[in-house]
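Hi,

Here is the structure I said I'd pass along.

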Amino acid sequence: MKYYNCLTKSILYRNNSKQLRFQSTLNHDSIPSNTISSDNANHAKAFEEKWNNAKPYEEIPTIKLLKFLRGFLPGGKYSKLDGVQMVMDVKDECGNISKIPGLFGRDDAVMSHNPDDFEILFRNEGIWPVRPGSDGLAYHRSVHRADFFKGVEGILATKGEKWGSFRSMVNPVLLQPKNVRLYLNKLSQVNKEFVTRIKDIRDPHTLEVPKTFETEINRWALESISIVALNKKFGLLTKNHEDPEVAQLFAWLTDFFTYSVDVEFKPPIWKFVKTRSFKRLMAALDGITDLTSKYVNEAIEGLEEERRNGVPEKPESEQSVLEKLAKKDKKVAAVMAMDMLMAGVDTTTSSITAWLLCLALNPEKQSILREEVLKVLPHKDSEFDEAAFKNMPYLRASLKEALRVYPLFIGTARLIANDVVLSGYRIPKGTQVSIVYESLFSDDAHYRRAKEYLPERWLRSTEAVTEAGECPQDLRSSNPFIYFPFGFGARSCVGRRIAELEMEVAVARLIRNFYIEFNHPTDKPFKSLFLRVPNIPLTFKFIDVQK
């Protein structure tokens, strides 16, 4: 009986989801014009009434400007807090919605922890959604190194129409599932090398990897993304694992995320006086730009030499992202490849660390996943079959749940394209609004059994019922606009499918080869820089699976 009730809920859930998508993508051209006019008039009248009944923008709870500024001075309440702690401190003082004072030319910003506001924000983000932030990166590419980028500044640093035109050019290559799956076998080879590397570096008695294992994950991440972006293997998991150039790149990436916190989240004094943090950020970005452009140029020169020598064009399954985009625009191809190398290491390292921790701390879930993996990889060295790989629901569900338990970011932000009402307050068009979902993930009011790692909550009801007989739909969020680990809408992560494939192939291979344990404290496994990064030595224990 529980199964049939759950199945009914699943059908209703899917129908409601389809209706939401239909409503959000409805094309007015398909509706009679008199219906459009009537609907628009009714909508405008309803919004006018809602706006008139809302409280003024000026009444949003806020922190006085001088008090806020003093908080960042030495000894101030914010001076020792990371980004997450500061945001939660403001919530404790002001409530679920607050107004953050603008400083040194920066406009005020509204911050909401109310999921009902999230949908309103996304429905009013405009044709080219503007995500505030990345000011330091934008300055570097548009001013500091304008001679290099020449107006082609990539996805990470641009906004508006410039961002839209770049994104429309790279989307077909990076977001089409059939294009991404072409890299399955190459990534599988990288992960076989990762398995061998783990066996080589783990302690022969304890079977634990060294405290420096985070660096090994970084090497795996860079090796994986370079295969996709450049069709280049560094050999970081084999003969070149001590490559000094790559070690320097990792150091620059750490500096980038570290100093971005000061430049992006603290009062922007750097716009008037070039601060120590700003100078170090520019130095890190200079290093990243020069080294990644070197790798990109080497790959382009290799392609051009092949053409000069009459080498036939590779089949699509063997072409890198760089090679595919270069057919459209070489500069766009080069900058996109650089962005992939820059953004594809720390983000992937943190995400797969979260996933491995969740599986290590929940061995019963790890066992369920292993049973699924064994059907696709009957032998340790089996290759992935694309059709079978697509049918691994528990693998994907366990990743989604790991990113709920340990989110990479605390929220996101937009400049709203229309006047809106959020949490009962009037928010004028053009206001920066940050939405914070961090605390909602661990709140039982929004996720049943929120503090438990339950991949089952992401499965269809036909695929699983929990050990307690619960329907997966009962475990999902109270609001569909709470969970979006790779962003939402047009500004969602362009590398999402690649990142998911990298991690899914890696974890499937690791689970097939090892029982994974973590026998050390995990009170604060991550710290917040520009994104969440590991905060503890990743001394996982890898025990060989015998069969």
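One definition before the details: two strands count as paired if DSSP finds at least two bridges between them. Also keep in mind that this is a predicted model.

With that in hand, take T412, whose bridge partner in β6 is I435. The strands concerned are β3 and β6 (residues 432–436), which run antiparallel and are joined by five bridges.

Zooming out, those strands belong to an open sheet of four, in the order β1-β2-β6-β3, with mixed pairing. From one strand to the next, the twist averages 20 degrees.

Helix α4 (residues 83–94) lies across β1, β2 and β6, at about 115 degrees to β1. Helix α5 (residues 115–123) lies across β1, β2, β3 and β6, and runs at about 140 degrees to β6.

G105 sits in the loop between β1 (97–100) and β2 (109–112). Is G105 buried or exposed? It is exposed, because its relative accessible area is 70% and the cut-off for exposed is over 50%. Between G105 and G133 there are 14 Å in space, C-alpha to C-alpha, and the two are 28 residues apart in sequence.

Now the helix pairs. Helix α11 (residues 213–230) packs against helix α16 (residues 346–361) at an angle of about 120 degrees, and their axes are 9 Å apart. That angle makes α11 oblique to α16, and the crossing is right-handed. On the α11 side the contact is made by E214, I217, N218, W220 and A221, which meet T348, T349, I352 and T353 in α16. By type, the residues of this contact are four nonpolar, four polar and one charged.

The other pair is helix α13 (residues 276–308) with helix α15 (residues 330–343): their axes come within 9 Å and cross at roughly 125 degrees. So α13 is oblique to α15, and this crossing is right-handed. Residues of α13 in the contact include L285, I288, Y295, V296 and E304, while those of α15 include K330, A334, M338 and L341. The residues of this contact divide into 10 nonpolar, three polar and two charged.

Cheers

Terms used
Residues are numbered from 1 along each chain as its sequence is written. This is a predicted model: local features need pLDDT of at least 70, side-chain atom pairs count only at pLDDT 80 or more; totals for chains, interfaces and linings use all residues. Side-chain values use heavy atoms; hydrogens and water are left out. Helices (H or I, at least four residues) and strands (E, at least two) are DSSP runs, numbered from the N terminus. Buried means under 20% relative accessible area, exposed over 50%, partly exposed in between (1.4 Å probe, protein chains only). Axes are lines fitted to C-alpha atoms, for helices over the stretch in contact, and angles run from 0 to 180 degrees between N-to-C directions. Contact means heavy atoms within 4.5 Å. Angles under 35 degrees count as roughly parallel, over 145 as roughly antiparallel, 65 to 115 as roughly perpendicular and the rest as oblique. A crossing is left-handed if the near helix is turned anticlockwise from the far one by less than a right angle, and right-handed if clockwise. Ala, Val, Leu, Ile, Met, Phe, Trp, Tyr, Cys and Pro count as nonpolar, Asp, Glu, Lys and Arg as charged, and the others, Gly among them, as polar.
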